Amino acid sequence: MPKETSRPGTSRFPCGKCGALQTYAPGSGALECPYCGFENEIEASDAAIVEYNFREALERLSSAPPADTLQTSQCENCAAVFNLEKNVHSGECPFCGTPVVKGTGINRHIKPESLLPFALDENTAKKRFRQWIGKLWFAPGKIQKFAREDTGMTGVYVPYWTYDSHTASSYSGQRGDAYYVQQRYTVMVDGRPRTRTRTVRKVRWTPVRGRVARAFDDVLVGASRSLPRTITERIAPWDLENLVPYDPKFLSGFRSEVYQVGLDEGFETAVNIMDRVIRQDVARDIGGDHQRIHRVDTRHSDTTYKHLLLPVWSAAFRFRDKSYRFVVNGRTGKVQGERPYSVAKIAAAVVGGAAALAILLFVMHETGALEEIMRSL
């Protein structure tokens with residue numbers, strides 16, 4: 001396989017047959033020439049994927065000089081000089097389209113050391129998107145036509161953090177245990193009062209205190225602001241057990257971003273994710289039929305992190321002068337995104353539901369079922 005050549009901070013991968021620049025072919029584990037089709041296999045690395053101490057990293061970052069934010073690149077093909085966006089370290093030359101991969105440490109102090117390579121190509125991602133959009137409830141009837149004609153997809157390696165942490169939590173609250181009592185009440189039957197008895201459910205509350213502990217592994221937090229987190233979080237899960245050591249060859253032909261959410265800010269998000277799980281643990285530890293949680297104090301120890309890249313196909317389509325974004329998981333094909341709604345279809349569903357309810361009530365009235373229900377209340 002030809003040796004990788006580069007300018008400082010820039011990688012290029014020439015074809016071993018015709019010399020043209022190759023790009024990564026999703027799912028193949030190889031670089032492929034777009035002209036002659038020749039493939040160069042990407043050699044597997046035996047480098048360990050390391051998790052780093054979180055507190056030590058924060059101390060180093062606090063005393064580190066500001067990172068550069070401007071990346072000047074020179075195209076190996078047409079010699080044009082241009083700047084990549086400050087949050088991007090892999091893309092293409094705006095003049096001739098040649099793939100450009102910059103070093104990941106140029107404008108951030110922490111470099112990604114692992115990634116999941118793309119497993120799905122663009123055509124497969126488009127197919128998954130069309131299947132998804134075809135199943136949307138209350139979507140305008142013409143949306144599929146607009147999505148087909150106005151959709152161009154971009155493969156993006158999106159930056160993420162993962163956090164491991166051992167937690168110990170103390171809590172206070174109340175345990176609610178249900179019990180039942182018989183209650184007498186009076187109803188009028190044929191104009192005369194009648195006494196009835198019914199079972200009433202009540203809850204007895206008892207103060208409680210306790211402790212729970214949990215070790216969290218690979219709590220995943222997105223480190224990009226380019227796409228809404230509400231979208232990217234819903235394309236999980238990710239097969240993080242298949243992470244490979246970082247290799248710029250996997251980035252050739254794809255866009256790749258550097259992190260915009262810092263290590264400390266990402267951990268705050270991870271803590272919120274962990275807190276939701278810890279509160280579930282507390283509720284189980286309290287037991288009973290109901291739980292009230294008044295206070296939870298959590299301590300984190302042995303916290304570690306790693307920085308990685310995950311593959312996403314990203315695109316947008318325009319419908320009635322508005323843009324809708326969507327993403328496709330580059331490993332599983334799971335699709336999530338923004339979507340339009342058809343007011344007419346929603347109105348028709350509401351009217352139809354109201355009509356169905358009216359018919360049901362009429363039938364129940366005619367059969368006497370409605371009156372029987374009313375008497376039992």
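1. Let me start at serine 114. Setting aside neighbours within four places in sequence, serine 114 is in contact with Ile49, Leu243, Val244, Pro245, Tyr246, His307, Leu308 and Leu309. Serine 114 belongs to strand 11, which covers residues 114-115. Its relative accessible area is 1%, so serine 114 counts as buried, the cut-off being under 20%. Do keep in mind as you read on that this is a predicted model.

2. Now for the overall picture. The protein chain has seven helices and 18 strands. It runs to 377 residues, and 40% of them count as buried. If you take the contacts between residues at least 6 apart in sequence, 71% join residues at least 24 apart. The accessible surface of the chain is about 21,400 Å², with 50% of that belonging to carbon and sulfur atoms.

3. Which residues touch the most other members of the largest nonpolar core? They are Trp161, Tyr163, Leu263 and Tyr305, in a core of 24 residues. Two or more residues come from each of helix 1 (54-63), strand 12 (154-189), strand 13 (192-222), helix 5 (263-286) and strand 16 (290-319). Helix 5 gives the most, with eight residues. Apart from this core lies another one, of 22 residues, and its members include Tyr24, Tyr157, Leu309 and Ala315.

4. Beyond its neighbours within four places in sequence, leucine 263 is in contact with Phe54, Ala57, Leu58, Leu61, Ile110, Trp161, Tyr163 and Tyr305.

5. Next, the helix pair. Two packed helices are described by the angle between their axes and the distance between the axes. For helix 1 and helix 5, the axes come within 10 Å and cross at roughly 145°. On the helix 1 side the contact is made by Phe54, Arg55, Ala57, Leu58 and Leu61, and on the helix 5 side by Leu263, Asp264 and Phe267. Sorted by class, this contact has six nonpolar residues, no polar ones and two charged ones.

6. On to the hairpin. Strand 12 and strand 13 run antiparallel and are joined by 29 bridges. One spot to look at is histidine 166, whose bridge partner in strand 13 is alanine 215. Two residues lie between the strands of this hairpin, and aspartate 190 in the turn has a positive phi of about 55°.

7. There is also an open sheet of three strands, in the order 3-4-5, with antiparallel pairing. Where are its edges? The edge strands are strand 3 (23-25) and strand 5 (39-41), each pairing on one side only. Direction ignored, neighbouring strands here are turned by 40° against each other on average. Strand 3 pairs with strand 4 (residues 30-32) over three bridges, in the antiparallel sense. Within that pairing, alanine 25 stands opposite alanine 30 of strand 4.

8. Last, phenylalanine 13. Is phenylalanine 13 buried or exposed? With a relative accessible area of 4%, phenylalanine 13 is buried, although it is found in a loop, the one between strand 2 (10-12) and strand 3. The C-alpha atoms of phenylalanine 13 and leucine 31 are separated by 8.2 Å, with the two residues 18 apart along the chain.

Definitions and conventions:
Residues numbered from 1 in each chain as written. Predicted model: local features only at pLDDT ≥ 70, side-chain atom pairs only at ≥ 80, totals over all residues. Heavy atoms only, no water. Core = buried A, V, L, I, M, F, W, Y, C linked by side-chain atoms within 4.5 Å. Buried < 20%, exposed > 50% of the residue type's maximum accessible area, 1.4 Å probe, protein only. Helix = DSSP H or I, 4+ residues; strand = E, 2+ residues; numbered from the N terminus. Contact = heavy atoms within 4.5 Å. Axes fitted to C-alpha atoms, helices over the stretch in contact; angles between N-to-C directions. Nonpolar A, V, L, I, M, F, W, Y, C, P; charged D, E, K, R; others polar. Pairing = 2+ DSSP bridges. Areas by Shrake-Rupley, 256 points an atom, 1.4 Å probe, with all protein chains shown as cover.
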